[in-house]
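Here is a short briefing to read alongside the sequence and the model.

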Amino acid sequence: MIGAIAGVVGGLVSGFLGASQSRKAAREKRRELARQRAASDAWYKRNYYQDYLNTVEAQNALKRYRNAWAEQTQQARARQAVTGGTPEQAQAVAEAGGEAMGNVMGTLAAQGQQNKQAIDAQKLAMDANISQQQAAIAEAEQQAGANLINNGIAVATSALQGFEPKSAVKA
């Protein structure tokens, strides 16, 4: 009888220790997921809300265009001085450059919008991944709880099957 009780108690203690370790692991996983979510949110805010025109790529594109525009304007003025062209011709080159600059800015703005769409899609994927991991933790905890109950019942049943009342032995 004492052996049966010790078996039941041992089985239950073992089950509770396992459940405690499982809960501790789940808490650690939840903390890690919270850290990942915070990092994901910070990444999103930093990248989504940045001004694309202030990025290195956009600034380099604008610098290349300004340099090319300045060179074309200088060449038009030099031709005017050498060939006797009219100031209107040099002005037309400058105006064409201004229009082209507007096109460059529009292209850069469109690229910035495409980047925002890609960042949105990437953020949605990261959030979905974190949500899946959280669901897996919750499912594992539910399964661990169910296993603990089932194992406790199995240990108790097994111990009780080995226990024979004294009145049954004497008869």
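The largest pocket of this predicted model has a volume of about 160 Å³. A pocket here is an open set of points on a 1 Å grid over the protein atoms alone, where a 1.4 Å probe fits and protein lies on both sides within 12 Å along at least five of seven lines. The volume is the space filled by probe spheres set on the points, which are joined across faces, edges and corners.

**Pocket lining**
- The lining counts 13 residues, and Q50, D51, Y52, G112 and K116 are the closest to the pocket centre; lining residues have an atom within 4 Å of a point.
- Helix 1 (2–48) and helix 3 (87–162) each supply at least two lining residues, and helix 3 gives the most, with 7 residues.
- By class, the lining divides into 6 nonpolar, 5 polar and 2 charged residues.

**Fold and surface**
- The chain has 4 helices and 0 strands, where helices are DSSP runs of H or I with at least four residues and strands are runs of E with at least two.
- Of the 171 residues, 16% are buried, meaning under 20% relative accessible area with a 1.4 Å probe, protein chains only.

**Notes on the model**
- Residues are numbered from 1 along each chain as its sequence is written, and side-chain values use heavy atoms, leaving out hydrogens and water.
- Local features need pLDDT of at least 70 and side-chain atom pairs count only at pLDDT 80 or more, while totals for chains, interfaces and linings use all residues.

Conventions. Buried means under 20% relative accessible area, exposed over 50%, partly exposed in between (1.4 Å probe, protein chains only). Ala, Val, Leu, Ile, Met, Phe, Trp, Tyr, Cys and Pro count as nonpolar, Asp, Glu, Lys and Arg as charged, and the others, Gly among them, as polar.
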